[in-house]
2 protein chains.
Amino acid sequence: MRNIKLLIEYDGSRYKGWQRLKDSDQTIQGKIESVISEMVSRPIEIVGSGRTDAGVHAKGQVANFTVKSDMSLTDMHKYINHYLPQDIVVREISEEAERFHSQYNVKSKKYVYNIWNHWIPSAFERKYSYHVPEKLDLNLMQEAANLLIGKHDFIGFSSVKKANKSTVRTIEEISIVKEGNMLKIIFVGDGFLHNMVRIIVGSLLEIGLKEMKVSQINKILQNKTRSDAGKTAPAQGLFLEAVYY
Amino acid sequence: MRNIKLLIEYDGSRYKGWQRLKDSDQTIQGKIESVISEMVSRPIEIVGSGRTDAGVHAKGQVANFTVKSDMSLTDMHKYINHYLPQDIVVREISEEAERFHSQYNVKSKKYVYNIWNHWIPSAFERKYSYHVPEKLDLNLMQEAANLLIGKHDFIGFSSVKKANKSTVRTIEEISIVKEGNMLKIIFVGDGFLHNMVRIIVGSLLEIGLKEMKVSQINKILQNKTRSDAGKTAPAQGLFLEAVYY
């Protein structure tokens, strides 16, 4: 059996997220699996690095699948992109060792959250950013972000109701970068709980708007209470940028 | 009467072009007029710098209208963007002298045509570029483009069937710029005939693919025959970038 790794980008606007659903074929995993299954004339399941929610985009999602096939990687690559919808693209394809697993072998992930921060909206960025018209205090936001760096129980910044598994994660980096009217918040960490990036962004925005104090971040980490954190920022601003192994 | 000038950007994907139609409200002019008419409680017609075709985008379309109103420019700006669909945005609003006319006073226009030139498509640029997977000879394309600079009868590079008005135009600049996988062809000129930018792009692409000789450009200028030129490149790659007065 060959173990094939895919580097995938997708515009998540039209989809119900990464993970295949029983009652809908509007998932990215489902679309890719149906093209690959057609390609090799047997049902194929792919393993993603992790889920992305409805409306979330990716520039560097990773998935792998095992297959018995003589087809060259280039022919596979061409076939898959030819039959995928135009808003899902396989950027790279490679053959990995048998033990490579897209989910279990993840070392860290990079997410970018885009905020269009100008009172005049953008016709072209509207589907790839969250429009925040008010002025933001970026220094306060970065100060708050720095409190999140390191190893913490992030359950207060997540949609996890009852944790069966550990909710401790390590964030290596949260950088706030301004590029023209676009504010980019870049996250690198060993893993992110469900909605964790979007809830952190929502909290940082409330701090930038001076509706929340910087010190609230430490309270949320200590008290582990979701309701103390900010709103979940909308999906369309979020990009899974890269997965590191 | 006040003379109000608008600088407008739009994602043309959903629209039947700039110009208002009797049998459809899916035009950019129609959308803007209906918001402004509602704002001042009387029917308002706006004058654009010129039409853009179905599917063509704009980052710097200009239009003006005259109105009797005490409303401040800032209030107008906020009202209009609030009620416009998200894919049409007024970037700037200003008050001009009574004699200012968006169409008659145009000195020159800048168009940009985007070509995604890599065999792997882009999920994010697909609606804002034309995907050409083959390698292109950019030197031949620029050589051909240079033959078009200056004052010529461009009817052979247009969809104009029978010319009642002059089809002579002056092109000041055609630059071919590579930014990553995106090839940008930038046009500046005193005016462009119907489909002229897209037919020039289609011809330059055939030259870049070595399906047409550079010298064919001179033949088209001399013989003025549309069928000697290349295909009309698709609308979604074209942006009206700026209008100069």
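The structure is a predicted model: local features need pLDDT of at least 70, side-chain atom pairs count only at pLDDT 80 or more, and totals for chains, interfaces and linings use all residues. Residues are numbered from 1 along each chain as its sequence is written, while chains are lettered from A and ligands numbered from 1 in the order in which they are written.

Chain A is divided into domain 1 (2-96) and domain 2 (108-244); such bounds come from an automatic or database domain assignment. Over C-alpha atoms, the centres of the two domains of chain A are 28 Å apart. Domain 1 of chain A gives 13 residues to the contact, and domain 2 of chain A gives 10. Residues are in contact if their C-beta atoms, placed from the backbone, lie within 7 Å. The domain 1 side holds 4 nonpolar, 7 polar and 2 charged residues. Ala, Val, Leu, Ile, Met, Phe, Trp, Tyr, Cys and Pro count as nonpolar, Asp, Glu, Lys and Arg as charged, and the others, Gly among them, as polar.

Between the chains, 15 residues of chain A touch 15 of chain B. The largest share of the chain A side, 3 residues, comes from strand 4 of chain A. Strands (E, at least two residues) are DSSP runs, numbered from the N terminus. The chain A side has 7 nonpolar, 3 polar and 5 charged residues.

In chain B, strand 1 (residues 2-10) runs antiparallel to strand 3 (residues 57-67), with 8 bridges. Strands pair if DSSP finds at least two bridges between them. Arg2(B) stands opposite Val67(B). Strand 3 of chain B also runs parallel to strand 10 (residues 238-244) of chain B, with 2 bridges. There, Ala58(B) stands opposite Leu240(B).

Conventions:
Two residues are in contact if their C-beta atoms, placed from the backbone, lie within 7 Å. Helices (H or I, at least four residues) and strands (E, at least two) are DSSP runs, numbered from the N terminus.
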